[in-house]
Amino acid sequence: MTQASKTNWPIWGVGLALLAWLVCTAWWRPLAVPDEGRYAGVAWEMIRSGDWLTPTLNGLPFFHKPPLFYWLTALSLKAFGLTLWAARLASVLGAWLGAMGLYLLVRRWAGPRLAGWSALVLVTQPFYFGGAQYANLDMLVAGCISATVALGAHAVLAREAGQAHRLALWGTYGLAALGLLAKGLIGLVLPGAVLVLWLLLTGRWRAILAMLSLPGLLVFGLVAAPWFVAMQRLYPDFFHYFFVYQHFQRFTQTGFNNMHAWWYYLPMMVGLTLPWVPAWLLAKWWPQRKASALHAGEATEPVSLRASLRYLAWIWMAVILVFFSIPASKLPGYILPALPPLAYLVADALAGRWPALASLVPKLFGGVAAVLCVALIGVAVQYDKQSSRSVLPVLQPLLKQGVPLVYVNEFVYDLPFYLAQPGPIPVISNWDDPDLPHHDNDRKELFDAGEFNPKLAPHVLIPKAQWPLWLCTHPRLAVMAPHDVVKSYPELAWQPPVMKLKLWSLWVLDRDDLLVKGLRCH
């Protein structure tokens, strides 16, 4: 038995180890706001309402993103309860899918040891590890994109080698359809661009036609089309809002939040992947060796195959970075699909530059990286105090007594999840502001959602003019609002808040007290 065969893990063992690592601290920190509270809350509303077809935010149709994340999260919450790790399981699965896609591709065409090291580098990047435990759509679509590229590349290489490839090809189309359901057109466009450019730049242009498949297109349509068709039939403006506004206008226009320079992602790729990128740069400068212990004791693939994987990785990473650097609006999670090819390039460089230390170098850096990953989550637990969870001991007894809860000016995204809220929470704000449709903020999300259900919207989005009526018709009223809301709603200044959080305060307003202090009810 060779040394390599002694150390090679079975595929199921690698998959289980990766999953255990990616989920290990998912229970630790409260939901971040607004993102995690928003997306976990939409999934909870599917369970609460029993409607698994239409995503809703505070009871109103929410079409910013397609439903795959909500479906997976709702299934997780239904199976495991309203727990933090269950709310993040869809992101964990997305990260696992991307890691396993990379691992299986490299294992088949470059050997199991380089595959293991590539997976190790990937899942111990603090950026990737943190993204796996962040309940939003970015990691899920990143996993779908990465797995689509990996399976598509495998189909190309298997076809060239005269091996069975059609199932892999059809699976590529199916994964692209899941990517479309995860976050929209990027789940199709980006892996398609990566694979086509790879084929063109490596002289395989004839393979482009060979990779077009009618059965594959049928698989894609059967997976992706039904939900979009159903939404368009139920909501005639859906296609325009989802594809034109949420895709093309957000990509091409500058009136959205999170505006950054074109180079925004470059320092992020270095800083959030420590210590791997510095190790990679050091390895690139190190004198080249003729042989590597990476392949000692195991069959080697032709150098051209490994070179082809390197070309794929470079093109893959470049397409993601360039695509998301074009629009002015940028968020860190957008470039998560660029991390798997980066992991392969790092592992390949480390293995080629230090053959005498081929086992020690990845283990050494991997240990440091793993500590950084856990430390990142610990820092988030220690310093992210924006959660509303601490209000529960005060608020829950009030709700059990029948005291209604209302939000003023802002929606507290994570609170419905923690409360297992049985229905929409009224939000009082200046909803008739003519400038509101032109803003890109959290209130705009609710405003847009209300446009798709004009019958329910007046019962959920309460005009500011009705604020005195709410005070007069409720003997007691629980109010969650930002601290500075007293400037616009002076009645809140008449009673001190019963609890003050970092972002919001909780008031319990007594109508009789307000009447004594000057509230006028007619």
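Tutor: A disulfide here is a pair of cysteine sulfur atoms within 2.5 Å. The model is predicted, so local features need pLDDT of at least 70 and side-chain atom pairs pLDDT 80 or more, while totals for chains, interfaces and linings use all residues. Numbering runs from 1 along each chain as its sequence is written, and side-chain values use heavy atoms, without hydrogens or water.

The structure holds 1 disulfide. Its partners are Cys-472 and Cys-521. Their sulfur atoms sit 1.9 Å apart. The angle about the S-S bond is -90°, and the link of Cys-472 and Cys-521 is left-handed. This pair ties together distant parts of the chain, 49 residues apart. Cys-472 belongs to helix α24, residues 467-473. Cys-521 lies in the segment after α25, which spans 511-516. (Helices are DSSP runs of H or I, at least four residues, numbered from the N terminus.)

Cys-521 has a relative accessible area of 33%, so it is partly exposed.

Next, take Cys-24 and Cys-373. Cys-24 is in no disulfide. The nearest cysteine sulfur to that of Cys-24 belongs to Cys-373, 8.8 Å away. Cys-24 is partly exposed at 31%. Cys-373, at 0% relative accessibility, counts as buried.

A cavity is a set of points on a 1 Å grid over the protein atoms alone where a 1.4 Å probe fits but cannot get out; lining residues have an atom within 4 Å of a point. Leu-102, Leu-105, Val-106, Leu-309, Leu-312, Ala-313, Trp-316 and Tyr-344 line the largest cavity. Two elements give two or more residues to that lining: α6 (89-110) and α17 (303-325). The largest share, 4 residues, is from α17.

The second largest cavity has a lining of Gly-37, Arg-38, Gly-41, Val-42, Glu-45, Leu-57, Phe-411, Tyr-413 and Pro-416. Helix α3, residues 35-49, gives the most to the lining of this second cavity, with 5 residues.

How values were computed
Buried means under 20% relative accessible area, exposed over 50%, partly exposed in between (1.4 Å probe, protein chains only). On a 1 Å grid over the protein atoms alone, a cavity is a set of points where a 1.4 Å probe fits but cannot get out, and a pocket is an open set with protein on both sides within 12 Å along at least five of seven lines; lining residues have an atom within 4 Å of a point.
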